[in-house]
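Q: Could we go through this structure together? I would like to begin with strand pairing and then turn to charges and surface patches.

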Amino acid sequence: MSKKCYRFFCGLLNTQEKWLNKMSEKGYRLVRTGKLLYEFEKCKPDEVTYCVEFIGEKSKESSIDYANFLEDMGYKVFFKNINLNYSVGKVRWRPWAERGGRIATNTTTFNREILIVEKANDGKPFELHTSYDDKEKYYRNLRNPWLFLLLMFALFAVTKQSIIFGIFALVSVIPGSIYQIQIMKIRKEAKTQEW
């Protein structure tokens, strides 16, 4: 028996991850995703656990290689959109992305910015990034799109003298700051471990 849920997380990866893990606690396992769709099937409660990762900076080849690497490790992988629809048509410009991922189209990484990773629940915390360098790089990749939006909205606010763009710029500061704080915490932890 399947269960379909429609959710919009506004790019809040932690919220999405917590919700997926609560669904697992209730005995539902993810089987399919769509733009807003999450389809589940019944399973034993807490049988699986989920981790949600932003991969919007990767090229098509890098994201497929990474997904294949995770699947080879025994994880199940779902590509998902992040729902940041500031694009025109079926093309997105990502100046913060790696080479090959800066222009996203239907044939590359358009609406495939998130990776939902499922593993059998063994009672241990599920982390995809364990080294300090890896964690810092990941949080930089999360921060950079928000910095780009901040700069873009601030530029429009100044040139167009628009309060609306100014508000969007201020809103973009919040997630950018949250990820920057994470980066600073990781750097501090890494320095503490060096001593």
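Q: To begin, which residue in E8 is the bridge partner of Val 48?

A: The bridge partner of Val 48 in E8 is Ala 120. Strands here are DSSP runs of type E with at least two residues, helices are runs of H or I with at least four, and both are numbered from the N terminus. Please note that this is a predicted model, in which local features need pLDDT of at least 70, side-chain atom pairs count only at pLDDT 80 or more, and totals for chains, interfaces and linings use all residues. Residues are numbered from 1 along each chain as its sequence is written, and side-chain values use heavy atoms, with hydrogens and water left out.

Q: How many bridges join E4 to E8, and which way do the strands run?

A: Seven bridges join E4 to E8 (residues 114-120), and the two strands run antiparallel. Two strands count as paired if DSSP finds at least two bridges between them. Along this pairing, Val 52 stands opposite Ile 116 in E8.

Q: What else is joined to E8?

A: Strand E5 (residues 76-80) is joined to E8 by five bridges, again antiparallel. There, Lys 76 has Glu 118 as its bridge partner.

Q: Is E4 mostly covered or mostly open?

A: E4 is mostly covered, with seven of its seven residues buried. Buried means under 20% relative accessible area, exposed means over 50%, and partly exposed is in between (1.4 Å probe, protein chains only). For E8, six of its seven residues are buried.

Q: Which residues of E4 point which way?

A: Val 48, Tyr 50, Val 52 and Phe 54 point one way, while Thr 49, Cys 51 and Glu 53 point the other way. In a regular strand, side chains alternate between the two faces of the sheet.

Q: Changing topic, how many salt bridges does a search of the whole structure find?

A: The search finds eight salt bridges. The criterion is a side-chain nitrogen of Lys or Arg within 4 Å of a carboxyl oxygen of Asp or Glu.

Q: Which residue does Glu 47 pair with?

A: Glu 47 forms a salt bridge with Arg 29, and their closest N and O atoms are 3.4 Å apart. This pair links distant parts of the chain, 18 residues apart: Glu 47 is in the loop between strand E3 (37-42) and strand E4 (48-54), and Arg 29 is in strand E2 (residues 28-33). Arg 29, Glu 47 and Glu 118 are linked in a network of salt bridges.

Q: Why is Glu 47 classed as partly exposed?

A: Glu 47 is classed so because its relative accessibility is 31%. Arg 29 is also partly exposed, at 22%.

Q: And are Lys 58 and Glu 57 buried or exposed?

A: Both are buried. Their side chains meet in a salt bridge, at 3.8 Å from N to O.

Q: Which residues form the nonpolar surface patch?

A: Ile 163, Ile 164, Ile 167, Phe 168 and Val 171 form it, with about 490 Å² of accessible area together. Patch members have over 30% relative accessible area and no salt bridge; like charges are joined within 9 Å and nonpolar side chains (Val, Leu, Ile, Met, Phe, Trp, Tyr) within 5 Å. Accessible areas come from the Shrake-Rupley method with a 1.4 Å probe, and for residues only the protein chains shown count as cover. Val 171 lies in helix H4 (residues 163-194) and is partly exposed at 44% relative accessibility.
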